[in-house]
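Could you look over this one with me?

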Amino acid sequence: MSLSFGGVQAIDRLDIEIRPGQVHGLIGPNGSGKTTTLNVISGYYAPKRGVIRLNGAAMSGQGLHRRAHMRIARTFQTPRIVGSASVLENVMIGGTIDGKGTFVESLLSLPRHRRDEAMLRDTAMLALAAVGLERLALVRADRLQHSELRFTEIARALMLRPAFLLLDEPAAGLSAEEIGRLGTLIQAIAQSGTGVLVVEHHPDLIFDICHHVTVLNLGKILAAGAPAEIRADREVVNAYLGA
Amino acid sequence: MDTQATPLHASRTNALGAPSSLNAALPFLALLVVGIAFPLFGGGYWGVIATRACIYWVLASGLNLVVGFGGQIAIGWVALLTLGAYTTSVLVAGNVGPPLPPYLALAIAAVVGAVFGLIVGLPALRLRTFYFAITTLGFATIVTQVALAWQSVTGGGVGVAGPVFPHPFASQWGFYYFCFGLAAICTWMTLNVAASRFGRALTAIRDAEVAAEASGISKPGLLATVFLFSGAVAAVAGGLFASLQSYITPDAFTLDLSILFFIAILIGGRGSILGPLLGTILLTVLPEFAAPLVAWSTFLYAVLLLVIVSRSPAELPRSSISRTAARSRATARSFRGPTCSSRCLARPPASAP
């Protein structure tokens with residue numbers, strides 16, 4: 001199973017592969033193309049050259065919302081949440097495509113609509129329990145703290161039962177203790193078979209949890225390999241870690 | 001969850017609590033009772049006003065999904081009221097083909113309304129906010145002009161007689177109950193949608209479009225569905241409106257009416273069913289209490305709009321909640337220990353109460 005692509009303007013001849021059940025870290029200084037890479041994979045931009053493959057089949061040229069049907073989920077650098085809805089409702093949004101009933105069935109509250117709602121509610125409570133927010137399920141989302149919003153987004157992404165999960169700077173704005181909790185959570189998600197791509201500034205988190213790390217600089221791969229190798233790589237240390 | 005934050009979470013959950021479904025249903029049940037008992041205390045003219053409020057709500061309930069939930073600024077929705085009124089009246093009068101029974105005509109109007117709701121709504125997929133609003137206004141103008149010019153069918157400026165629904169809905173109170181029943185059904189249906197994955201997906205498109213797309217929600221598909229529904233109920237409202245007026249001319253469908261629907265939803269608050277319902281009743285009844293102010297109605301609408309826009313629609317109904325939130329945030333600050341450093345300060349500013 002591979003997810004690879006190469007050659008976009010902001011990112012040049014980049015080749016990465018995310019494997020199921022593994023955590024793949026993508027680090028690099030500002031403007032090195034980390035988020036761009038993530039946006040290409042999640043379908044916001046089409047690559048100029050090169051392809052993105054899922055299980056060997058190319059998936060470029062397909063619309064943004066099709067990615068969810070391929071079980072590719074993502075979170076955002078700034079959490080995108082419906083503030084006026086409850087945390088539970090926000091998480092349930094993540095499972096929208098798994099509902100079976102039609103609009104008319106919902107209008108008339110027919111059995112399939114009721115089953116959908118019960119199923120989404122149960123799954124969302126499980127997802128919230130997984131990220132440790134089940135106690136806040138009924139709180140309005142705009143009353144959450146920043147870190148809680150980040151975990152809510154992860155819970156929403158988990159609603160897709162993702163084959164691949166793309167996290168865009170999940171540790172930004174979190175305290176050291178919260179980052180620890182995030183790391184444990186990401187590892188647990190990977191152990192369940194999901195391939196995780198973490199775009200991050202935070203080298204500690206990356207080196208702690210990743211099976212594989214790719215370092216970007218100016219849109220090119222500076223180094224790639226196991227965390228231990230990367231940490232020892234002189235070039236990386238000079239360009240990025242700075243110590 | 002860390003122990004430090006536990007008391008905070010507990011207090012927040014309690015402060016807001018889970019509104020039990022009974023509490024949420026209570027205002028609707030009260031309105032239902034008042035609506036059913038209305039003929040006992042209101043006579044004659046008040047009956048007309050109550051019927052009008054029901055008809056307006058049939059339209060506004062559908063429009064609420066578009067404006068209040070989907071966040072699409074559809075101002076010219078009177079066009080679909082006009083369309084429904086003329087379709088029903090013309091089919092019943094037999095201006096095209098043989099005269100049809102009123103219920104069949106109303107059903108056909110609903111289908112026509114659904115199709116045109118979709119046509120008016122389609123620009124929303126390409127145009128944002130005010131650009132879309134202007135296209136709906138343009139459509140409203142076109143419909144009125146067609147009604148004026150197509151004399152052989154619509155009677156032009158002279159107009160056409162509205163349909164009369166047969167017994168038991170022919171009498172004043174009979175017709176009132178007919179409209180009230182439809183309004184109640186519309187309330188129930190939109191409440192169902194609001195609590196469904198479609199309602200949540202609409203609010204996601206409104207407030208977090210990229211997240212909606214990343215969750216696999218297809219904006220074109222969802223909006224098209226909602227425009228179909230909204231167009232259908234608006235046209236049904238039109239048929240009822242024509243019957244209530246007993247005679248319709250193009251100048252019965254003014255832009256003021258369109259703005260009334262829109263403002264009723266905005267006053268009620270986005271993402272609510274009860275709010276816009278009360279807003280519709282208020283705006284239908286208010287002119288009756290303030291008859292001398294009718295000449296000022298446009299001015300009053302403008303002032304209302306300015307107040308709403310300057311305070312942001314989402315903020316209106318929850319000022320009290322934000323105040324509680326601010327208080328609990330203050331508590332939160334005292335709970336958080338030294339782990340919260342400059343990062344917490346960098347958090348985006350909370351919405352001011």
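1. **Ground rules.** This is a predicted model, where local features need pLDDT of at least 70, side-chain atom pairs count only at pLDDT 80 or more, and totals for chains, interfaces and linings use all residues. Residues are numbered from 1 along each chain as its sequence is written, while chains are lettered from A and ligands numbered from 1 in the order in which they are written.

2. **The sheet in chain A.** Start with the open sheet of six strands, which has the order E4-E5-E6-E1-E7-E8 in chain A and mixed pairing. Helices (H or I, at least four residues) and strands (E, at least two) are DSSP runs, numbered from the N terminus. Two strands pair if DSSP finds at least two bridges between them. The edge strands are E4 and E8 (220-225) of chain A, each of which pairs on one side only. From one strand to the next, the twist averages 15°; the axes behind such angles are lines fitted to C-alpha atoms (for helices, over the stretch in contact), and angles run from 0 to 180 degrees between N-to-C directions.

3. **Strand E5 and its neighbours.** Who sits beside E5(A)? On one count, strand E4 (residues 72-74) of chain A pairs with E5(A) in the parallel sense over three bridges, and Ala73(A) stands opposite Leu165(A) there. E5(A) is also joined by five bridges to strand E6 (residues 195-199) of chain A, and the two run parallel. Phe164(A) stands opposite Gly195(A) in that pairing, and Asp168(A) stands opposite Val199(A). To get from E5(A) to E6(A), the chain crosses through H7(A), and this β-α-β crossover is right-handed. Right-handed here says that, with the strands pointing away from the viewer, the path from the first strand over the helix to the second runs clockwise.

4. **Which way the residues point.** In a regular strand the side chains alternate between the two faces of the sheet. In E5(A), Phe164(A), Leu166(A) and Asp168(A) point one way, Leu165(A) and Leu167(A) point the other way, and all are buried. A residue is buried if 20 or more other C-beta atoms lie within 10 Å of its own, exposed if 12 or fewer, and partly exposed in between, with C-beta atoms placed from the backbone. Because five of the five residues of E5(A) are buried, E5(A) is largely enclosed by the rest of the structure.

5. **Strand E6, likewise.** Gly195(A), Leu197(A) and Val199(A) point one way from E6(A), Val196(A) and Val198(A) the other way, and all are buried. Five of the five residues of E6(A) are buried, so E6(A) is largely enclosed by the rest of the structure. Strand E1 (residues 23-27) of chain A pairs with E6(A) in the parallel sense over four bridges, and Val23(A) has Val196(A) as its bridge partner.

6. **Two domains in chain A.** The domain assignment gives domain 1 (1-71 + 162-243) and domain 2 (82-160); the bounds come from an automatic or database domain assignment. Their C-alpha centres lie 26 Å apart. Ten residues of domain 1 are in contact with nine residues of domain 2, where contact asks for C-beta atoms, placed from the backbone, within 7 Å. On the domain 1 side, H2 and H7 of chain A are the elements that give two or more residues.

7. **Where chain A meets chain B.** How many residues does each chain bring to the contact? Chain A brings 43 and chain B brings 37. On the chain A side, H5(A) gives the most, with four residues.

8. **Chain B in brief.** Chain B has 16 helices and two strands. Of its 353 residues, 42% count as buried.

9. **Two loop residues to check.** Most residues other than glycine have a negative phi, and most peptide bonds are trans. Ser109(A), in the loop between H4 and H5 of chain A, has a positive phi near 50°. Is Ser109(A) buried or partly exposed? Ser109(A) is partly exposed, with 18 other C-beta atoms within 10 Å. Glu169(A) has a positive phi near 45° and is found in the loop between E5 and H7 of chain A. Glu169(A) is buried, with 20 other C-beta atoms within 10 Å.

How values were computed: Two residues are in contact if their C-beta atoms, placed from the backbone, lie within 7 Å.
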